[in-house]
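This briefing walks through side-chain pairings and strand arrangement, grouped by topic. Please keep the sequence and the model at hand while reading.

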Amino acid sequence: MKKFIIIFSIFLFLSFTMNTINVMAQPKTFSQGFYTMKDLGLIENVNYIVQNNEPYAEGLLFIIDSDKKVQQLVRIQPSSTRNPLIPLKADYKFIIYGNVLLAFKQVNIS
């Protein structure tokens with residue numbers, strides 16, 4: 001019985017001290033072109049940031065609704081990391097202009 005308690009205590013101690021690794025998906029990158037929410041794999045009513053992975057190129061991101069009104073225009077500087085976007089709706093379309101590689105990342109607001 002004493003061995004069982006010692007082994008159980010060691011197992012319990014080890015299980016609480018193991019480090020966990022947070023894994024995040026690699027963001028997809030998109031170049032110049034016309035896109036929809038489905039093309040970009042974005043979810044409605046979620047906050048996103050967009051970043052430019054090109055060190056020397058800048059570009060523009062247009063977000064357009066179904067009435068062809070510009071909802072947001074983002075000028076993206078080279079190697080920029082945080083350009084917040086408005087909450088997106090399912091009918092939005094995106095125009096990426098310039099020789100940029102944009103990555104969309106989901107933002108957790110707490």
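The side chains of Arg75 and Glu58 are joined by a salt bridge at 2.8 Å, N to O, the term standing for a side-chain nitrogen of Lys or Arg within 4 Å of a carboxyl oxygen of Asp or Glu. The model is a predicted one, in which local features need pLDDT of at least 70 and side-chain atom pairs count only at pLDDT 80 or more, whereas totals for chains, interfaces and linings use all residues. Residues are numbered from 1 along each chain as its sequence is written, and side-chain values use heavy atoms, with hydrogens and water left out.

**Salt bridge**

- A search of the whole structure finds 1 salt bridge, and this pair links distant parts of the chain, with Arg75 in strand E5 (residues 70-76) and Glu58 in the loop between E3 and strand E4 (59-64), 17 residues apart.
- Strands (E, at least two residues) are DSSP runs numbered from the N terminus.
- Arg75 is exposed, with a relative accessible area of 54%, while Glu58 counts as partly exposed at 36%; buried means under 20%, exposed over 50% and partly exposed in between, with a 1.4 Å probe and protein chains only.

- In strand E3 (residues 48-52), 5 of the 5 residues are buried, so the strand is largely enclosed by the rest of the structure.
- Tyr48, Val50 and Asn52 point one way from E3, and Ile49 and Gln51 point the other way.
- E3 pairs with strand E8 (residues 102-106) in the antiparallel sense over 5 bridges, where pairing requires that DSSP finds at least two bridges between two strands, and Gln51 has Ala103 as its bridge partner in E8.
- E3 and E6 run antiparallel and are joined by 2 bridges, with Asn83 in E6 as the bridge partner of Val50.

**Aromatic pairs**

- The whole structure holds 3 aromatic pairs; rings of Phe, Tyr and Trp (its six-membered ring) pair if their centres lie within 6.5 Å, and planes under 30 degrees apart count as stacked, over 60 as edge-to-face and the rest as tilted.
- Phe30 and Tyr35 form an edge-to-face pair, 5.4 Å centre to centre with 70° between the planes, and Phe30 is buried at 11% relative accessibility, as is Tyr35 at 16%.
- The rings of Phe94 and Phe104 have centres 6.2 Å apart and planes at 70°, so this pair is edge-to-face.
- Phe94 lies in strand E7 (residues 93-97) and Phe104 in strand E8, so the pair ties together parts that are 10 residues apart in sequence.
- Ring pairs link Phe30, Tyr35, Phe94 and Phe104 into a cluster.

Key: Helices (H or I, at least four residues) and strands (E, at least two) are DSSP runs, numbered from the N terminus.
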